[in-house]
Amino acid sequence: MMSRSFATLDGNEAAALVAHQLNEVIAIYPITPASPMGEFADAWSQAGRRNIFGDVPQVIEMQSEAGAAGVCHGSLQGGALTTTFTASQGLLLMIPNMYKIAGELTATVFHIACRAVATHALSIFGDHSDAMACRQTGWAMLFGSSVQEAHDFAAIAQAATLQSRVPFLHCLDGFRTSHEVNKIELLSADDLRSFIDPALIRAHRERGLNPDRPVLRGTAQNPDVFFQAREACNPYYEAVPGIVREVMQKFAALTGRRYRLFEYYGAPDAERVIVLMGSGLGAVQEAVDFLTAKGERVGVLAVKLFRPFDVSTFLEALPRTVRRIAVLDRCKEPGALGEPLFLDVMAALAEHWPGEIPRVIGGRYGLSSKEFTPSMVAAIYRELAKEQPKKRFTVGIIDDVSGLSLDWDPDEIPEPADVCRAVFYGLGSDGTVGANKNSVKIIGENTPLFAQGYFVYDSKKSGAMTVSHLRFGPRPIRSTYLIRRASFVACHQFHFLDRLDVLELAEPGATFLLNSPYPASEVWDRLPVEIQQTIIDKRLKFYVVDGYRVAAEAGLEGRFNTIMQTCFFALSGVLPREEAVRQIKEAIKKTYGKRGQAVLEKNFAAVDRALEALQEVSVPGNATSKRRRVPIISGPAPDFVEKVTAVMMAGKGDLLPVSALPVDGTFPTGTARFEKRSIATEIPIWDADLCIQCGLCAFICPHAAIRTKAYPAEALNNGKPDSFVSRPWRGSEFPGHHMTVQVLPDDCTGCRLCVEICPARSKEVVKHKAINMEPKDPHLARERANAEFFLKLPELDRRAVKLETVKGTQLLEPLFEASGACAGCGETPYLKLMTQLFGDRMLVTNATGCSSIYGGNLPTTPWSPNAEGRGPAWSNSLFEDNAEFGLGLRMALDHLEERARQFVKRYATLLGDSLTSALLAPMGSSEAAVRERRQQVAELKRRLRDVPEAEAQTLVAIADHLVRRSVWIVGGDGWAYDIGFGGLDHVLSTGRDVNIVVLDTEVYSNTGGQASKATPRAAVAKFAAGGKAIGKKDLGMIAMAYGNVYVAQVALGANPLQTVKAFQEAESYHGPSLLICYSHCIAHGIDMSKAVDHQKDAVATGYWPLFRYDPRHAHSGERPFRLDSGKPTKKFRDYAMKEARFGMLAGANPAQADRLLELAQADIEARWRYYEQLAGLERQAPGTLEVVA
Amino acid sequence: MSVDLTTNYLGLRLKNPLVASAGPVTEHPELLHELDAVGIAAVVLPSLWEEQIEHYDWQLAQLEEYGANSFPEALNYFPPLVDRRGSPDDYLSRVMLAKQIVKVPVIASLNGRTRGGWVRYARMIQEAGADALELNVYFLATDPNQTSAEVEQQYLDLVAAVRAEVTIPLAVKIGPFFSSLPNFAKRLMEAGADGLVFFNRFLQPDIDLNTLAVAAHATLSDSRELRLPLRWIAILRSVLRCSLAATSGVHTPADVIKLILAGADAVQVMSVLMQRGVGHVRELLEGISRWMAERDYESLEQMKGSLCQANCPDPAAFERANYMKALVNYAGIQV
């Protein structure tokens, strides 16, 4: 066997490497955690990388996974080797086609990064619930346990499907395998060539549809033959296990890596055996090693080929000595006798086990990537040893409701001592993970050592914390769980010490490296006392380096990752120091080489300076610090927040028992306000004397972290901090009122948008505005006190606020606050405005995507109630069905409203004429009308309170529906233009009163910037790496075609007032409304603080024309389409070249860029001419709901 | 009209004195082709800006890490980045391409930022086949503690460093703001410059009264700007033995002729080509030839410097710095 090359990569890349080489057509759609497989395939094809047949595979992005499956089906029928990559909901959308593909005995492999299916909640993390939802489709299912297997099984599945004609799902565990970086041995193109039989490919092609030898496939069959025909495939399924075995043998001969359908590991005479599949195997094997070394007779049987389930091979693989079996399933099937693997094992044993059947128990583990460790495995073996083990159990959680969980001692099985275990705490933005991935590569690819990296991210998009878990050791690393005892801990952010127990995982005697602005001589007194005590108690070796200073000196302002990486190598001893430095520089050359000499030199300088700056701290004997770690929540909070939310916020959610959590996924709103993340280093400070009270700062703030409020002057008499600033309100509507612009310093992300949009400048110093960024720390205590006072100031009577002005809207309380969206997010200001205007009577359905993540990813939510307890009620159904979901909600509300009206009629006598007629009259949309209707409903309840009739009480229970509810359907362009378009279109066609907000970032932002049909021509995005050749879909015009749909295209940074008007008009229109909202995004490649300029340019160039189409004006003699932006005054190129999404193409392929930019300019001009004509056209929309008075 | 327009510039034999200076016109292959066809004598390619290269490199490095590895669903936001814009490779390929397109000498232009960058890129440009190199040097001194001597020394060190690295002819393009331009020019020569190009037109920022922002305002030159190089070429021609070229404000045949009379070996044009098209070169050449023929000049060399300070009847005219009346002598030399 020839010598083989090693690579360090993650499971997604490992699988995609093989898939790309073995396929001709690849249909993709982004979904976590499988997106990177599609991205790799697309990027490789873009770069002209060829498959083993010498062709560049065609990659196409579809509008949904259902679309991708359809393309796969078609392409397979056309005779091409075809694949796709997906997970979770995406896989579920493929099921209908999967039945077809299997029913037609079609050879293909779909690669699945297995992920939880959304039930009570969405989860992006790994388990087998998606794959298990496909076990009935007739696909063979091959489960790998490691990154190596993700690579190898991709090939094995391909060979086996071609031979067997049964399609294969190749399953790797989401995140644990798909995102784990590990050292693997690569299959070469030659390996793959000799492994795949060309004759089988020819046979596959011959089965394709061909007019030269036409056939009919996909018939409709009747009761006479369907059943028999369905049974006709049986021999093919019977043959699969034998074929896979044969293929695995061939693979072993080729590579030396031996796989079996069922792999047994452990004592040959084991009495207790665990059966499972997937990545959990690594943890079980470590436990088996530990326990068998102590003489215990235990073992594990890993299922690799789950479907078709080969009973005889399964039984052969089990030791004859086995008496007890625990079958572990990584999914949950409520109401079933047991989970799928358990039931299969039971059936297999019951039918075929010779002699007394071993006792079998079934357990669930690892749902949504829940940790699964050797110590938990030990608990399972212990349970098996009990006289009466639990028949059904869970492990890894504390189930105090059903009592199913097993107790475990987390430290029962220690980690191998000869493995370097290093944990790094960093911020997402500081490059810690990137440097650690690099370190894993350095060790994995340049030394005989083995290396593993796994990275944990929190769910925030700004100020996100990352924890890197790195292992280096002399043997392949199969520890498929997080490090529990680290020999090295690095904290890359000093301020983490105040909020987080970063030394929790440090083992006694471990090394602790801290990125510290203070030198070794000063740092000790700056530490919180808890950290000091832990350092002393655990006898840690403590080092500091001032990464920021060294980076600045090397010309790498703020980028200290290579510095910390160098210090890690110097201290950990994984490599000799000089060798490590050499390797790091090599790696830097590899990473940055293409980025030019200057970048290289700066990084080299950083490496050299790092070692000079590394200092050991001599640790005193006592913890003397006066500083204490900051409590997670300061001040009073609701009970649930204190007991549950705060625990999650502290990163201890694993410790919450089942009883702590809602049974149906229902959580309180208004929790983000308790999560004082304080991530900004600079915050905006108000200069009241310059302020013109325009409200734009609050308007643009993505986090509701800067607010304006007007309040009676006398409110200042009540406990005002000395530092609190106010000025008389300039408007005439609130005489005797003062106003304040207040920053909430702990909620601010420091994005600067408020400062950039502020129009008021000092006459003396032009750069000084009415609001200016200043370092946070000197202002923090003062602004905290000010903010606390500000929030307690009374809210205005909403009826008196001038809602037709931008500044008026900003006097209203935002009910969307402190989200975890990106600093400077372009979406959230729209949502915040929406809640300011209608939040107290609003229901929101939210398509999956960025907005559902910053809106609904635990631990907290920015959606909040007001002081009366009213506020947006929010729910997320799916990605694809959001419009329909919102429509359903509307229908329920309408029904209940109508029912209430009927009951009001019934009780007219009791309620009195005036109240009855008031309640039955249509409700206006003004604040006064809302208030009045609420008072009428309160009066209704009062009058019916003591009426004993059941129907009266029924009316009381639903009377609130007489206050018209406002339904808002929110989502991104991926939803509205692509996956949810069919539903959106249908909802628009119904004429029902829903308001649809499309937060249009022009890419799939949440999954990392893949092109959607909203992506403009000439923009570079994932899946459009060569620049999108086709123009953006004009969603507004499509919706307008109905005639009775209110449509507006807005850009809040370019024309705030037009946005405000559009939101109000949309809400007041009692038919469908569609708001297409320009949302700048980090995926545009812009300096987010300048986003307002980008929005203005987008409008000024005509790239994003502003318009409103109001069907209420669609009558004879009227022109319902109104173009709100002026004729383009700038060229598209002027806007485009300031954004990396366009600029990248000009750099990579200037000729293509020129061509596409010219076309894009032509698009703009043509569209403008069209819109201009539309603006002059009369239009009638018969049957439109309302006529404007 | 058979006047001989050939001239020697930087040791290069040029068929006439018209050189297309670094700018948009010398950027595009098709325009280069056209320039060659209409009779330009040499082209200076747009500058390789070290600062720009560094900036792009840094931006791309930043962009690759932008938002990367911080959110589990989006480990990055862009497809793999490829960017050749402003990269040295791109520039070098442009030099090579220009060499293929035009038959006349190709002069590359370099604007460095660091000493290492100047030297590195100068060497690469020579290797790419440029016939000469124009160093586009300027430091805008804004620090009150930095002396003019220090600034000048920086220029000199740089020219010496590049000179040590390359063997092709070296021109240095400078600005007019030196206390003693002749002395400085002489020292540039001594440091290794084969020729000097007068002058660099600095970007002069403007203020936008609507936005109260400083606005970068690039304007095209006009003939009035010619006077500054005209004076200095006339003065320096008389005292220095190196190639001199004028740039800025050359729009008409008359402009060219004046500069040649003052002593320029070559005259660089750009703004007029942008305004009137590359074909204007032909008109310029015809105008020059016609003027010379009408006055019976045989060759450019004959005319070159015939009105430099040393050769002109009124040398003091080039020295007059203010609008005082010309000094009238009431007595001549007594013999």
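(Buried takes 20 or more other C-beta atoms within 10 Å of a residue's own, exposed 12 or fewer, and partly exposed is in between; C-beta atoms are placed from the backbone.) Leu212(B) is not a glycine, yet its phi is positive, about 50°. You'll find Leu212(B) in the loop between strand 9 and strand 10 (213–215) of chain B. Helices (H or I, at least four residues) and strands (E, at least two) are DSSP runs, numbered from the N terminus.

Some ground rules before moving on. This is a predicted model, in which local features need pLDDT of at least 70 and side-chain atom pairs count only at pLDDT 80 or more, while totals for chains, interfaces and linings use all residues. Residues are numbered from 1 along each chain as its sequence is written, and chains are lettered from A and ligands numbered from 1 in the order in which they are written.

**Staying in chain B.** Pick Phe198(B) and Phe199(B): the peptide bond joining them is cis, with omega about -10°. Phe199(B) sits in the loop between strand 8 (195–198) and strand 9 (206–208) of chain B. Most residues other than glycine have a negative phi, and most peptide bonds are trans.

**Across to chain A.** Show both chains: 36 residues of chain A are in contact with 31 residues of chain B (contact means C-beta atoms, placed from the backbone, within 7 Å). Helix 2 (35–46), helix 15 (432–446), helix 21 (597–613) and helix 40 (1140–1148) of chain A each give at least two residues to the side touching chain B. Helix 40 of chain A has the largest share, five residues.

Now go to Thr32(A) and Pro33(A), linked by a cis peptide bond with omega near 0°. Pro33(A) is in the loop between strand 2 and helix 2 of chain A. Strand 2 (residues 25–28) of chain A pairs with strand 3 of chain A in the parallel sense, over four bridges; strands pair if DSSP finds at least two bridges between them. Look for Val25(A), opposite Gln58(A) in strand 3 of chain A. Which face of strand 3 (residues 58–61) of chain A is covered? Val59(A) and Glu61(A) make up the covered face, Gln58(A) and Ile60(A) the uncovered one.

**Helix 13.** Select residues 340–352 of chain A. Buried residues of helix 13 of chain A are Pro340(A), Leu341(A), Phe342(A), Asp344(A), Val345(A) and Leu349(A). They pack against helix 5 (129–132), strand 10 (272–276), strand 11 (298–303), strand 13 (324–329) and strand 14 (359–365) of chain A.

**A three-stranded sheet.** Next comes an open, antiparallel sheet of chain A with strand order 24-26-25. Its edge strands, each pairing on one side only, are strand 24 (706–712) and strand 25 (727–728) of chain A. Seven bridges tie strand 24 of chain A to strand 26 (residues 737–743) of chain A, and Thr708(A) faces Val741(A) in strand 26 of chain A.

**Two buried stops.** Ser678(A) has 20 C-beta neighbours inside 10 Å, so it counts as buried. Its phi is positive too, near 50°. Finish at Val967(A) in strand 30 (residues 966–972) of chain A, which counts as buried because it has 24 C-beta neighbours inside 10 Å. The C-alpha atoms of Val967(A) and Leu889(A) are 7.7 Å apart, though 78 residues separate them along the chain.

Notes
Two residues are in contact if their C-beta atoms, placed from the backbone, lie within 7 Å.
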